[in-house]
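Visitor: I have the sequence and a structure open, and I would like to learn how to read them. Could you walk me through some features?

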Amino acid sequence: MNAFTLSLIETDDDYRAAFGVMRELRPKLRDTDAFAAQARRQGEQGYRLLAAWQDGEVKALAGYRILENLMNGRFLYVDDLVTTASARRHGLGARMLDALRDEATRQGCENFVLDTGLHMPLAQRFYYRQGLLALGMQFVQPR
């Protein structure tokens, strides 16, 4: 098994390569072009998409942005984090989080923040093992 390399998703070919992986996390995504267009729109708001590649294939993705608010100060927010089933158990999720923590440090962030669903106990255990703490609940009202 070859090593994983990390790089930002930037080209149309990159987005096409990333689509299937992101769809594992976001099954409502149906179309590669719509995914790329939305990610690019989010990019106008600071969204970046980091990919872990192995043998020309995307094996993990981490979408993030640098934000600032009164509660967290300047912080890196993780929008998306997913590793393909075939690449799990190789420390790739931890490596992605480490890369994002490094980015937060480079960007002068005070905090590192992510949300996860209440229905995802395995993800919650992973985040606890990675040193993240649950500090609240997010409330949403769909429109």
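Visitor: Which residues does phenylalanine 112 touch, not counting residues up to four places away in sequence?

Guide: Touching here is contact, meaning heavy atoms within 4.5 Å. With residues up to four places away in sequence left out, phenylalanine 112 touches Leu76, Val78, Leu97, Leu100, Arg101, Ala104 and Leu132. Keep in mind that this is a predicted model, where local features need pLDDT of at least 70 and side-chain atom pairs count only at pLDDT 80 or more, while totals for chains, interfaces and linings use all residues. Residues are numbered from 1 along each chain as its sequence is written, and side-chain values use heavy atoms, with hydrogens and water left out.

Visitor: How do I read a nonpolar core, and which members of the largest one touch the most other members?

Guide: A nonpolar core is a set of buried Ala, Val, Leu, Ile, Met, Phe, Trp, Tyr and Cys residues joined through side-chain atoms within 4.5 Å. Buried means under 20% relative accessible area, with exposed over 50% and partly exposed in between (1.4 Å probe, protein chains only). The largest core has 23 residues, and Leu76, Leu81, Leu97, Leu100, Phe112 and Tyr127 touch the most other members. Its largest share, 6 residues, comes from helix H3. There is also a second, separate core of 17 residues, which includes Ile9, Ala18, Leu29 and Ala51.

Visitor: Which residues of H2 are buried?

Guide: Helices (H or I, at least four residues) and strands (E, at least two) are DSSP runs, numbered from the N terminus. In H2, the buried residues are Phe35, Ala36, Ala39, Gln42 and Gly43. They lie on the same side of H2, because they cover an arc of only 125° around the axis; the arc is that of the directions from the helix axis to the C-beta atoms. Their cover includes helix H1 (12-25), strand S2 (48-54) and strand S3 (57-69).

Visitor: How do S2 and S3 run, and how many bridges join them?

Guide: Two strands pair if DSSP finds at least two bridges between them. S2 and S3 run antiparallel, joined by 7 bridges, and arginine 48 stands opposite tyrosine 64 in S3. Their hairpin has 2 residues between the strands, and aspartate 55 takes a positive phi near 50° there. Strand S1 (residues 5-8) also pairs with S2 in the antiparallel sense, over 4 bridges, with threonine 5 opposite tryptophan 53.

Visitor: How many of the residues of S2 are buried?

Guide: S2 is mostly covered, with 6 of its 7 residues buried.
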